[in-house]
Amino acid sequence: MDVIGGFWTSVLAFLLVLTVLVFVHELGHYLIARRNGVRIETFSIGFGPELFGFTDRAGTRWKFSALPLGGYVKMFGDADPASTPGAHLTAMSAEERAVSFHHKRVGQRAAIVAAGPIANFVFSIVVLSLLFMTAGQSFTPPDVGGIQPGSAAERAGIQPGDLILSVDGTGVQRFEEIRQIVSIRPGEPLAIELKRDGRVMTLTVTPESQTVTDRLGNAHQIGLLGISRGSVGMMRHDPLTAVWQAGREVAGMITGTFTALGQMVQGSRGTEELGGPLRIAQMSGEVAQSGWYPLVWFMTFLSVNLGLINLFPVPMLDGGHLLFYGIEKLLGRPLGARAQEYGFRIGLALVLTLMVFATWNDLVQLRVVDFFRGLVS
């Protein structure tokens, strides 16, 4: 019964989180498109056959579809949900061109496309700001409470009572920020600026690399200094401070994501950490069982990553469209239909390859592959 309950908790939490994030992303496209006079034909949460929906006064069909792994806004002039130009564009009347997405100026089209990822970033900042104003932000001063014997911190000369000011050039205000920076840089020398007895000094510390297994069974390489923190508490902020702290958190998420991706490209971090929908569903369920605060935080983290992924310059994604618009701006004319078609085909292949790879990682991490290997052997 616990297994069944855990499964449905994961499913419901996953659907809740994904529905909110997809709605926010597509709402960004929708609002800026309407602002620029584009007619919206469909606003869909999910893909495939429609489950239920309604049509508003402007003629837009709002609907939930059968496959809840994304969503789309189909604008007038689009041939499909990926905003591929329709073959009927040249035959449009003047009235139709006035509300067609593909007849808008390149700057307007770029703004509409960029609005989706931007909405994800804004959503994360707004939600975290509200969280910090109401429930509070986990706050621990960045001072050293203790040193583990034989640790990287002890070898570098860090002492209890030191106040850490920055790590690798990034200023820190909370102990949690030290952990965020250090954990994704195992084995890399870091310059740590600290204050001791009123004097500011800089020490070089190389975090120890350690393999840890989280509660979901996933193994990760993390960096450890070997320091402990002092007092722990929750601090509520005024609105301006809350927005500032939320912005810093989002900036830290973006920096951490790019750092991890760079390490994967270099080979210093395993690509098995890339997860797909199955892993996200599992993590959603686990986080939901921990309480509403971790779930909201997890949602903001996913929202930031959804915005980042969509900005990658891959055709089929928002970043790919922006790349095409940038080329159009430089050339003074759109790319040819054949070039765009090949670009979308390549983009589709890349996206599908990434999805298959991430899903394979999910199946391996969830021990599904081992299960079937056991049946065969």
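**Exercise 1.** At the start of helix 6, which backbone nitrogen does a side-chain oxygen of Asp238 reach?

*Solution.* In this predicted model, a side-chain oxygen of Asp238 comes to within 3.2 Å of the backbone nitrogen of Leu240, at the start of helix 6. The helix itself covers residues 239-266, and from its first C-alpha to its last it reaches 41 Å, which is close to the 40 Å expected for its 28 residues.

**Exercise 2.** Find what the buried residues of helix 6 pack against.

*Solution.* Begin by picking out buried positions of helix 6, among them Ala242, Gln245, Ala246, Glu249 and Val250. An α-helix has 3.6 residues a turn, so residues three or four places apart point the same way. Then look for the partners of the buried residues of helix 6, which are helix 3 (106-134), strand 3 (137-139), helix 5 (175-183) and helix 8 (292-310).

**Exercise 3.** Work out the order of the strands in the open sheet of four, and determine which of them stand at its edges.

*Solution.* The order is 6-5-7-8, with antiparallel pairing. Strand 6 (170-171) and strand 8 each have a single partner strand, so one side of each is left without a neighbour in the sheet. Two bridges join strand 5 to strand 6, and helix 5 packs on the sheet, where it touches strand 5, strand 6 and strand 7.

**Exercise 4.** Identify the element that gives the most to the largest nonpolar core.

*Solution.* This core has 20 residues, and those touching the most other members include Ile158, Val167 and Ile178. Helix 5 gives the most to this core, supplying four residues.

Note on methods:
Residues numbered from 1 in each chain as written. Predicted model: local features only at pLDDT ≥ 70, side-chain atom pairs only at ≥ 80, totals over all residues. Heavy atoms only, no water. Expected span 1.5 Å × (residues − 1). Buried < 20%, exposed > 50% of the residue type's maximum accessible area, 1.4 Å probe, protein only. Contact = heavy atoms within 4.5 Å. Polar contact = N/O pair within 3.5 Å; in protein donor to acceptor, adjacent residues only side chain to side chain. Core = buried A, V, L, I, M, F, W, Y, C linked by side-chain atoms within 4.5 Å. Pairing = 2+ DSSP bridges. Axes fitted to C-alpha atoms, helices over the stretch in contact; angles between N-to-C directions.
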